[in-house]
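Please keep the structure open beside you as you read.

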Amino acid sequence: MKYKYLIPSILIFFGLAINSFAQVDLSSYSSGKLKKMGEKAVNCGDYYSAARYYEAYCKEKEDYKAMFQLAECYRYTRNYAAAELWYDKAYKANPQKNVKALYYYATMLKTSERYAEAKGHFKSFKKEYAGAKDFSVYSALVKQQLIACDSAPSYIANPLNMAVNPLDNSTNTEGMEYMPIFLDNNAFVYATEALDSLGANSGLDSLVPPKFFEATYAGNRWMTKDDWTMNVQETPNLNAMHGAFSPDMQRFYFVRCEKGKKKFLSSKYKPDLCKIYMTKNTFGTWQAPEELPEIINAKKTSNIQVAIGNESKKNDEILYFISDREGGRGGYDIWYSIFMSKKNEWRAPKNCGNKVNSAGDEISPYYDAVTRTLYFASNGFAGMGEFDIFRSNGEMSKWTPAENMGFPINSPYDDYYFALSPNGKKAFFATNRVGTMTGGQETCCDDLYYVDYEDVKFDIPVTGRVYELVDNKLSSIVDKSFSTTSTTDSVQVDLTSAEGNVNDSTQVAAAPEKEIKYLAGSRVALYIGNSNEKVFIASTETDSTGRYYFTVEPNHQYILQFENVRSGSAFIPFSTRGITEPDTLHLKDYGINSLTKEALVVKNIYYEYGKFRLKKEQKDILDESVVSLMREAPEIVVELSSHTDDHGGEAFNMKLSQKRADEIVNYVIKQGIEKERIIGKGYGYSVPVAPNKFDDGTDNPDGRAMNRRTEFKVIGTVSEYDNFIDED
């Protein structure tokens with residue numbers, strides 16, 4: 001469902017300068033003329049003029065359709081009191097034909113905090129609207145609205161413990177200020193529209209972009225410094241309607257829009273179309289913008305806003321964007337596409353899913369790559385009024401449920417464009433709440449508000465250690481069938497408080513009074529949520545003493561996942577609810593079944609020169625080594641690599657080694673090992689472990705024998721790979 005006021009409200013395509021209304025006398029126009037003028041103004045997107053024409057007409061004629069259009073125009077221009085009045089009139093003029101007016105009447109009641117009254121009207125609307133073609137959409141919206149009517153009074157009664165205040169008149173004006181973009185912790189840029197230019201787009205063939213200014217923090221105050229420009233090559237003006245930097249600040253993604261043209265033989269206009277562009281910083285110079293390919297900027301779709309993150313598994317850049325493309329869950333949804341740096345191309349966009357997309361509209365996304373948190377605004381989830389700001393942890397299509405940011409960040413009005421500073425201590429958002437600096441009616445225009453987290457927001461350090469559980473069966477297989485020239489890093493420490501995690505009879509946890517092997521380089525992953533539903537946040541490897549470190553936020557549930565080669569259920573759940581100080585949270589030491597991550601050489605695998613087919617004796621060896629070990633350690637994901645000496649050319653040996661690796665992988669899979677757990681890679685003679693020749697140039701047979709080898713290397717665990725979202 002598309003809400004028309006997204007365009008004038010979010011992209012600031014206002015129809016007429018607010019202060020020009022009183023200049024035209026409408027008393028001489030006939031009712032028929034006023035109605036036609038109202039229709040024409042709506043078709044042009046000029047809702048301010050349309051409201052004036054329709055109101056003059058409706059005072060003469062009781063036309064229920066025109067009354068509804070008038071109420072819509074007031075809603076689009078965010079004159080909530082007038083919209084409430086005319087939705088009520090429209091519904092009462094024809095309850096059967098104007099049932100939708102009852103829904104929007106209830107939404108307007110929310111803007112004046114009359115939640116109990118609104119709740120009753122939402123329930124009545126749902127009963128009366130049953131059976132309509134789009135009932136499923138409105139039913140989903142009503143479900144969230146009913147939740148909102150119960151939760152909003154609680155938000156107001158229990159405000160967040162933080163300072164939320166408007167910026168002063170150095171930044172905020174009587175016009176529109178919105179879209180804050182941090183440059184660093186003490187500088188940001190923002191978009192602005194002067195009051196006398198809000199109607200600039202209605203009479204032009206193209207859309208006029210906002211101006212950007214830079215503000216800096218000094219002397220405990222934010223001060224607007226100057227116009228902001230990127231000095232992009234061959235581009236005097238970016239004409240950006242919205243934009244976002246990549247996490248490394250080396251690419252700027254932005255939106256340009258084209259005004260919809262008038263339809264042939266019609267008084268209506270095609271919708272405005274917006275596309276995404278990108279400029280990159282090369283050796284200190286911003287290059288000429290590039291339009292993203294059609295796989296992103298699809299035909300007949302509008303991409304109106306952007307945010308940028310990084311994918312957790314491969315660190316590829318992710319473009320999050322707001323689009324009305326087909327396949328969405330509501331009107332404007334949050335979508336994503338991954339830029340595959342190795343292939344230099346974008347993946348087909350996918351919807352971010354129902355945890356962050358509703359039956360309504362989602363807008364103004366901002367992604368914090370450090371905490372893997374998406375901030376966005378929505379009018380389809382349970383909110384206090386119109387658009388509320390929400391947050392969700394995750395990436396791509398895997399998210400925690402959208403969480404309302406609460407009062408006073410949210411209000412009964414429009415709240416959006418939330419942006420967080422790099423250090424997480426400052427934030428801005430835009431709002432049209434009562435109290436903004438405005439030259440029109442009190443909720444017409446947006447100002448920027450500042451959130452100071454300095455004294456109220458804190459991180460909680462979390463730490464613990466990982467040690468190795470003695471596993472005689474695994475050790476026996478490795479000792480018998482594999483060889484290596486190095487040993488796994490570890491440290492011997494007296495165990496006084498460690499918790500053993502024994503999974504079967506083959507494992508023996510070290511006794512507390514004995515020495516224990518703490519593991520270096522063991523991967524630990526942090527998730528938010530619980531064992532049934534969790535979302536990846538971060539990962540790390542243990543240091544030389546087996547210790548890991550994370551920082552987490554208060555009032556959340558978390559899970560630490562460990563890479564136990566025998567079991568995917570190696571985890572510690574913990575909670576930060578009720579923690580009010582940034583004291584370090586010490587978790588119990590955790591024991592795991594472990595295998596070295598260094599390459600192990602499979603013993604006694606030999607090939608004739610130029611051959612790659614496995615013989616029976618080689619298959620028997622693989623059964624005793626690779627197959628046996630992977631069965632005993634069902635969680636491991638491995639790379640099986642084949643290496644040669646330097647007899648023959650480089651291409652010949654690379655091809656031969658890949659064939660040998662593929663032959664081994666195919667055999668292991670046939671023995672029942674899942675194909676997702678094993679990768680074959682041929683390296684030719686590019687990774688020797690010994691000289692093929694002596695210094696005097698004579699042949700080194702022993703060195704060549706060492707180089708002609710098959711290696712087994714643990715590269716991860718099944719749980720690790722499953723919990724990442726793999727787009728391959």
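1. A word on terms before the cysteines: a disulfide here is a pair of cysteine sulfur atoms within 2.5 Å. Please also bear in mind throughout that this is a predicted model. By that criterion, the structure holds two disulfides.

2. Let me start with Cys 444 and Cys 445, which are joined by a disulfide with an S to S distance of 2.3 Å. The angle about the S-S bond is -85°, and the link of Cys 444 and Cys 445 is left-handed. Cys 444 and Cys 445 are both buried.

3. The other bridge runs from Cys 257 to Cys 274, with S to S at 2.1 Å. This link is right-handed, with 105° about the S-S bond. Cys 257 sits in strand 7 (residues 251–258) and Cys 274 in strand 8 (residues 273–282), so the bond ties together parts that are 17 residues apart in sequence. Here, too, both Cys 257 and Cys 274 are buried.

4. How are the bonded cysteines paired along the chain? Counting bonded cysteines along the chain, the pattern is 1-2, 3-4. Cys 73, by contrast, is in no disulfide: the nearest cysteine sulfur belongs to Cys 58 and is 9.9 Å away. Is Cys 73 buried or exposed? Its relative accessible area is 0%, so Cys 73 is buried. Cys 352 is buried as well, with a relative accessible area of 1%.

5. Now to the interior. In soluble globular proteins, nonpolar side chains tend to be buried together. The largest nonpolar core in this model has 50 residues, and those with the most contacts inside it are Tyr 87, Tyr 103, Phe 122 and Phe 125. At least two residues of this core come from each of helix 2 (31–43), helix 3 (47–58), helix 4 (64–76), helix 5 (80–93), helix 6 (99–111), helix 7 (115–129) and helix 8 (135–157). Helix 6 gives the largest share, nine residues. A second, separate core has 36 residues, among them Trp 228, Leu 238, Trp 286 and Tyr 450.

6. The aromatic residues deserve a point of their own, as the structure holds 53 aromatic pairs. In one of them, the ring centres of Tyr 104 and Tyr 138 are 6.4 Å apart with planes at 85°, so the pair is edge-to-face. Tyr 104 lies in helix 6 and Tyr 138 in helix 8, so this contact ties together parts that are 34 residues apart in sequence. Both Tyr 104 and Tyr 138 are buried. They also belong to one aromatic cluster that includes Phe 68, Tyr 87, Tyr 103, Phe 122, Phe 125 and Tyr 129.

7. Tyr 320 counts as buried at 0% relative accessibility, and Trp 399 does so at 2%.

8. Finally, the second largest pocket has a volume of about 690 Å³. It is lined by 22 residues, of which Leu 160, Met 162, Arg 391, Pro 554 and Asn 555 are the closest to its centre. By class, the lining of this pocket has ten nonpolar, seven polar and five charged residues.

How values were computed:
Residues are numbered from 1 along each chain as its sequence is written. This is a predicted model: local features need pLDDT of at least 70, side-chain atom pairs count only at pLDDT 80 or more; totals for chains, interfaces and linings use all residues. Side-chain values use heavy atoms; hydrogens and water are left out. Helices (H or I, at least four residues) and strands (E, at least two) are DSSP runs, numbered from the N terminus. Buried means under 20% relative accessible area, exposed over 50%, partly exposed in between (1.4 Å probe, protein chains only). On a 1 Å grid over the protein atoms alone, a cavity is a set of points where a 1.4 Å probe fits but cannot get out, and a pocket is an open set with protein on both sides within 12 Å along at least five of seven lines; lining residues have an atom within 4 Å of a point. Grid points are joined across faces, edges and corners, and a volume is the space filled by probe spheres set on the points. Ala, Val, Leu, Ile, Met, Phe, Trp, Tyr, Cys and Pro count as nonpolar, Asp, Glu, Lys and Arg as charged, and the others, Gly among them, as polar. A nonpolar core is a set of buried Ala, Val, Leu, Ile, Met, Phe, Trp, Tyr and Cys residues joined through side-chain atoms within 4.5 Å. Rings of Phe, Tyr and Trp (its six-membered ring) pair if their centres lie within 6.5 Å; planes under 30 degrees apart count as stacked, over 60 as edge-to-face and the rest as tilted.
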